[in-house]
Amino acid sequence: MKEQKHCIHKLRCLLLLPLLSTLLSGCWDDRELSELGIASGSAYDWEDNQWKATYQIINPSSGASGMGGGGGGSSSSPPFLTFAVKGKTIIEAIQRTNLTSVRELFTSHSRISILGESVARRGVNQIIDLFLRKQDARDTVYVFIAKGNAGRILDQLMQLTKNQGAGIQLMIEQESKLLSYYPSVRMFELAMALSSESGSAVIPEIRLTGKDIMDETSETGRTDLPSRLVLGRLAVLKGEKMVGWLSQKQAFGLTFITSKIKMANISFATHPQTSDKIDGSFILQKSATTVHPIWAKDHFIMDVNIKGSGVITEIGSAMDLNDRASISQMEKSIENHVLELIENSWQTVKQLNADVTGFAVKIHRSDRKRWKQIKKDKSWDTVFQQIEIRPHVSIKIERMGLSNKSFKSIEQD
Amino acid sequence: MNGKIGTSQAAMLVVTTILPTAIVVLPEIIGTYAEQDSPLAIMMATLLGVGIAALIGTIIRYNNGVPFLDWIGARSSPLLATLLGLLLLQFYLDTSATILREFVNFVKDTVLLNTPITVMTTLILVITIYMVRQGIECIARVNSLVILLFLFFIPLYTFGLAGEMNVHRLLPIFDHSLSTITLASLTPTSWMSEVAILLFLAPYLKSPQKARLIGYMGLLFVFLMMMFSMITTMMVFGPQYLKLTAYPGFSTVGIIQIGRFVENLDILFISYWVLAIYLKFSIFLFATVECFKQTFRVKSSRPFIGALGLVIALECLFTWSDPAKLNIYNKEGRFLVFILFNVLLPLAVLLLTGLHQAKNKRKGCET
């Protein structure tokens, strides 16, 4: 009897085994690595009333050794390939890559996304929606704007790195960490800025220094490429549309206002009373900005307080750094330089009438009632035009580097 | 198979009953109404939840862990108990079906885009039926281990997002009227009312007298986790962006980047969430089976688990096939249904019992 029961139990287990195949339900979504075209970057243009999407696909068989990274594979084969396709919608364009590529497009590892100026002027909402909605699209990609055709940028090979998408990511991360002309902008940050009270955002420009595109692996064997990728100006978006550009200098001023300085180099005149000659460098290591909106009867005054500190790295004039007066003089010169940057930036931002300063957010946080009224009247544009800024800059030179006197003063002695 | 469970184990079951779906569904619903005042809405919902926990705890103290419907039958009439049982059975079947659908929808949206829903539903159901057959003690033990995993995930989450958080994004506080915050707190209150599941877990509690404490402990943990999730998500994305994403909690995880080697962590957190939602579904399936057992006074519920599971699966597949319908139910209908079955019904039972007792006492005094 016991044996019979045991047999029935075994038979049941055997019959249940096929049911285990249901555990393989993931098979509907299986993807073989060898069948995927892993995108490291994408670019979007608007051409002939259609979307043009360009995808940069990593070439696993590449061994282009002149560009750093590991070897292996064919050295004549480029490290990535680009596919440009057109469609009435972005997804239609993406799907059409399957007409030309042997691998299924996989965008989860994409690092950058470049928007053509044509797209930015038309509106970026559809692109943002795609990145927030599509399952394998990452909203952490870094966003750039290119004047003219954005797809061209993706064709350019880089030295020192095989993966151009990751290379551009490093460039912008390095820029925002060491230079702070403008902050890096990821797709979700763009969406956050455009959906905030300010309704405006900025995107850095990426361009080529020359006319030619270095898209052959043999061309990267040179020490100085005639055409390189470089970060340029800062595009300003209002609503979903691009309304203008800020120069690097203006963008730098904006970064001070929005408190996004991580580290920066400021070149200044060491003897501003006697000469306008820019002959000193100061590395700003710490900087914080506080903005307090003050209602002055009929308009807002933005009290912008900037406090920073850093180290002197270069002096081209005769100077004794043990003398407190010399240091104060330099601090004043740096402060004036920052004030100039801010004023210059503010005037341009005001002209563009796009609140990339985030003042609307500050006013909402500090003066809820007035903000509700502004929102009700839909009068933010007018209020923004009437805003007056009062910047106060306080810079402290904390260290002088490894020398207490400038070399010029030793020479004069 | 069904051994007794301790107080802390039961409190952790309450946490799993509420938290897994709450953390996915609620931020968007609360954020849409209350924006940066969302934490206030969660506080309000928790206070109401504590009241519900007190009510449920009081009933369990009265009946001292006797099965809920048997107790009603003994106190009033078996017919009333059966009628209430049928209503509650319908409620638990519906709730389990919506949990299963939320689970399937989430997995479909985020991971398994092409896998047929029927296959996923069947697979989840088969695994959950197996879990329920092992008994509540086994579920409670596994649940405690899963909750302990928070010790790994919370520091990783906090550390990974530290650089992205900005406390000013929580401002201005009290920007919304009390009515808006109350409106935002209705849906989370319906989630908090799920503490009423203790009514069907009571026969398996080692100390039914501590039912109130179990409810309070569970809700306190849920409150802390909801606040943590809501505040960190708002500090990262701000209140406006929060409204744009269907699963804000997982979007937050998606931006974690530690060095150049730890990124795209959302899949790790989704795996953990799947563990938790399996447990939540199993607790509800257990309560459904228990309700069925008490309503129809069957000795062993094991043969019926599969059949009840089938009903849940069919409801999940056909009643809730439209995600918009489920969203509207969660936003607007859920509160009424949950308050009716988790608050008003137990409250009515408690009041009737009180009246009955008072009557008996008076009779006793008269004789």
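Let me start with a term: a residue is buried if 20 or more other C-beta atoms lie within 10 Å of its own, exposed if 12 or fewer, and partly exposed in between, with C-beta atoms placed from the backbone. Helices (H or I, at least four residues) and strands (E, at least two) are DSSP runs, numbered from the N terminus.

Now the ground rules. This is a predicted model: local features need pLDDT of at least 70, side-chain atom pairs count only at pLDDT 80 or more, and totals for chains, interfaces and linings use all residues. Residues are numbered from 1 along each chain as its sequence is written, and chains are lettered from A and ligands numbered from 1 in the order in which they are written.

Start with chain A as a whole. Chain A holds 13 helices and 13 strands. Its radius of gyration is 28 Å, well over the 22 Å of the globule rule for 413 residues, so chain A is more spread out than a compact globule. That radius is taken over C-alpha atoms, and the rule is 2.2 Å times the number of residues to the power 0.38. The C-alpha trace of chain A spans about 105 × 60 × 60 Å along its principal axes. Of the 413 residues in chain A, 41% are buried.

Next, contacts. Two residues are in contact if their C-beta atoms, placed from the backbone, lie within 7 Å. Take the contacts in chain A with a separation of 6 or more: 72% of them join residues 24 or more positions apart.

How is chain A divided? It has domain 1 (31-246) and domain 2 (248-413). Those bounds come from an automatic or database domain assignment. The centres of the two domains, taken over C-alpha atoms, are 32 Å apart. Their contact takes 21 residues from domain 1 of chain A and 22 residues from domain 2 of chain A. On the domain 1 side, helix H6 (164-179) and strands S7 (200-208), S8 (229-238) and S9 (241-246) of chain A each supply at least two residues. That side has 11 nonpolar, six polar and four charged residues. Here Ala, Val, Leu, Ile, Met, Phe, Trp, Tyr, Cys and Pro count as nonpolar, Asp, Glu, Lys and Arg as charged, and the others, Gly among them, as polar.

UniProt, in an unreviewed entry, places "domain: Spore germination GerAC-like C-terminal" at residues 234-401 of chain A. Such annotations may be inferred rather than shown by experiment, feature names are shortened, and positions are given in the numbering used here. That stretch is 38% helix and 37% strand, and its end C-alpha atoms are 33 Å apart.

Last, the partner chain. In all, 17 residues of chain A are in contact with 22 residues of chain B.
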